[in-house]
Amino acid sequence: MAKFKSDFLNVLRERGFIYQISDAEGLDQKLLEGPLTAYIGFDATAPSLHVGHMIQIMLLYWLQQTGHRPITLMGGGTTMIGDPSFKDEARPLLTPEAIDANIAKLKQIFAKILRYGDGPTDAVMVNNADWLLTLNYVEFLRDVGRHFSVNRMLSFDSVKIRLEREQSLSFLEFNYMILQGYDFVELNRRYGCLLQMSGSDQWGNIVNGIDLGHKMLGKQFFAVTTPLLTTASGAKMGKSAAGAVWLNPDMLSPYEFWQYWRNAEDADIERFFKLYTALPLGEIAQIVSGDVNEAKKRLATEVTAMVHGREAAEQAAETARATFEAGALDLSLPTVEVAGAELAAGLGIQSALVLAGLSISNGDARRSIQSGAVRLNDVLVEDERLNLGKNSLLPEGVIKLSVGKKRHALVKPV
């Protein structure tokens, strides 16, 4: 890929962020003219984003670091419909109260990575409910809907694949791309926004917004998309054996987050350093040329520091060192509390593994036991019907559960 004139596009090129650009030469020139405003939209379908979203947050991070203004658009309005892109079926509809609660939680992660304020390159957080929930439907159809071609909308892969599979696509969902396109126009009117960024699955929706901006405002809008990432073995980013790798610490502890990156495949290390950390490329090259396990530990610490702060990252690294290298029981391991009466009555090992977040179901726990992966207080568990009781407690007053060599949790009676 050719070298650009602007710092922002060169950073994206060098670190592997770019999949598509709608008008690379035009955008490159715009970025040279002064601070440019760009946005990424995040629907509030859950109380936390996960690792799969992190590449988008890093796009906004580098936009700000190279002298431009990021907008984090919270989808208070669009979440009420749900993005149908490449989904097999409609998302469950959330109440406005649930959406607002999710947005309040999502704000936490952005504040850790982006700088918000009133300056020319300070980030802005916006909620599209501010304009979408007050639209007059007939006026919206006349002023906005008339610019959309149904024939063209049906040609986008996000819609076409759903229809080819003969899976229902509701009129409600079909409206999503119109609303997303209108978001782009509204953000330009309010903030002068000229660039939308997202994953490559949003290309059709973004192009609709570019066309709408040209037709309604007579302006040139731009798009940048990132590749949809998988691990070297083909697994989807954001998923682990125990479920989603959440960014909020109340849904996944910094230690467990650190462990996700520590367990990265060898072939992914350099790519993940470039995409998910702010380390200079020269330093990355030096790290990955050395011991692979030390590189993984550094990767885990740097990504955890981006999301949870340096102190939490260092604590997670120290917990791992004490647990795996020193063989000590570290009481800062992820801990789940159980009622003392429940433990006294006998807590099944399968239920305990699920409760501790080390298995996603009793069946998953049973398979882990049968494969010889489960340990209770560092002793191999062979009986899948084993009950934990007060006699299972270590002197520290906790029970240590392990699945494999790198996933541990404590059960603490209260």
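Let's start with two helices: the axes of α1 (residues 7-15) and α3 (residues 54-65) come within 9 Å and cross at roughly 140°. Axes here are lines fitted to C-alpha atoms, for helices over the stretch in contact, and angles run from 0 to 180 degrees between N-to-C directions. Helices (H or I, at least four residues) and strands (E, at least two) are DSSP runs, numbered from the N terminus.

This is a predicted model, where local features need pLDDT of at least 70, side-chain atom pairs count only at pLDDT 80 or more, and totals for chains, interfaces and linings use all residues. Residues are numbered from 1 along each chain as its sequence is written, and side-chain values use heavy atoms, with hydrogens and water left out.

**The helix pair**

The helices α1 and α3 are therefore oblique to each other; angles under 35 degrees count as roughly parallel, over 145 as roughly antiparallel, 65 to 115 as roughly perpendicular and the rest as oblique. On the α1 side, Phe8, Val11, Leu12 and Arg15 meet Leu59, Trp62 and Leu63 of α3; contact means heavy atoms within 4.5 Å.

**Two buried serines**

Across the protein, 50% of the 414 residues count as buried. Buried means under 20% relative accessible area, exposed over 50%, and partly exposed in between (1.4 Å probe, protein chains only). Ser6 is found in the segment before α1, while Ser368 belongs to helix α19 (residues 362-370). Here are their values:

| Residue | Relative accessible area |
|---|---|
| Ser6 | 2% |
| Ser368 | 12% |

Leaving out residues up to four places away in sequence, Ser6 touches Asp28, Leu31 and Leu32.

Strand β11 (residues 374-376) and strand β14 (residues 399-403) run antiparallel and are joined by 3 bridges; two strands pair if DSSP finds at least two bridges between them. The open sheet has 5 strands in the order β9-β15-β14-β11-β12, with mixed pairing. Its edge strands, β9 (335-338) and β12 (379-380), each pair on one side only.

**The whole protein**

In total, the protein has 19 helices and 15 strands. Among contacts between residues at least 6 apart in sequence, 72% join residues at least 24 apart.
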